[in-house]
Amino acid sequence: MKRVLLIVVVLALIGGGAYWLLRDTSRKIPHTPPAAAPQVGSCWKVDAAGAKAAFPWPGGAVDCAAAHTTEVFHVGQVGDDLLHRLDSATGEDVKLTQNLVYAQARRACVVQGTAFLGGNWHESKVQILASWVAPAADGFFACAVAAVTGPAGDEFATREGSLSKAGPSLPIGCISALKYVDCTAPHDGEYSGSYSIAPMDAPFDETAVRNASTKGCTGVGLRYLGLSETADRSDLSAAAVGPKNGSDWLGSDQTFACYLVSSRPLKASIAKIGTGPLPFA
């Protein structure tokens, strides 16, 4: 199998570096969510760009039974130790501490999102979102989930009803031009599984991550085809979708969605196809 890597951002960045304006190390950090905090279980109708802003999001919450794009499943707060460290940070330590702060929030959203969705969210057509709650200097954040139209996660799908425990009902199948499609429709890629890089909290190294994700997704793809890890299919490429830079890596679960990609359109699934011919459209 040719080893070609495709990495796309699948987890929304926590915006808001500009919010960190408070530097009073003696302040008493509040532990009650501010008025801007959304209610757990609330739904919102925002696009991917709007979801990067701090709460409150534009438009206000809507009934989850009505059309919406995102659903809040957790509200939390970063630890006091990091917030006090950020208050007193100077120079290069400001950026370092900001990274640690949003990494802690992001990690909480990933963990809580897996429980909320009822399974490995990387296997579902969703994206986990993490956004600050204004004023962001108090460290409150909200976790939300959105159904998405493709692996890049940059376009939200409008839906009705809660996504609680609904992850398995939104399985990833195939993709065409980086959009999710049914595997019976013409497509150029098929989801083959996920691969996690260990150890957790490993420092980011672009070359090492690229090599590890490529090798890992190649093995995942071969098993999906029903082949041994020493086999080779030159008519398929392995692609990995996941954190591609240091910012995306911080607080992530270091997991990549793996795809098998064909240079010619396919018309059916290639699961367990082994060494058989590809079902070209």
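This is a predicted model: local features need pLDDT of at least 70, side-chain atom pairs count only at pLDDT 80 or more; totals for chains, interfaces and linings use all residues.
Residues are numbered from 1 along each chain as its sequence is written, and side-chain values use heavy atoms, leaving out hydrogens and water.

I looked up the bond between these cysteines: Cys 109 and Cys 143 form a disulfide with sulfur atoms 2.0 Å apart, a disulfide being a pair of cysteine sulfur atoms within 2.5 Å. Its S-S torsion of -80 degrees makes the link of Cys 109 and Cys 143 left-handed. Cys 109 is in helix α2 and Cys 143 in strand β6, 34 residues apart; helices (H or I, at least four residues) and strands (E, at least two) are DSSP runs numbered from the N terminus.

I then searched the whole structure and found four disulfides. Cys 174 and Cys 183 form one of them; the torsion about their S-S bond is about 95 degrees, so this disulfide is right-handed. Cys 174 is buried at 0% relative accessible area, and Cys 183 is buried at 16%.

I also recorded the disulfide that joins Cys 217 to Cys 258, S to S 2.0 Å. Cys 217 lies in helix α3 (206–225) and Cys 258 in strand β11 (255–266), so the pair ties together parts 41 residues apart in sequence. Both cysteines, Cys 217 and Cys 258, are buried.

Technical notes
Buried means under 20% relative accessible area, exposed over 50%, partly exposed in between (1.4 Å probe, protein chains only).
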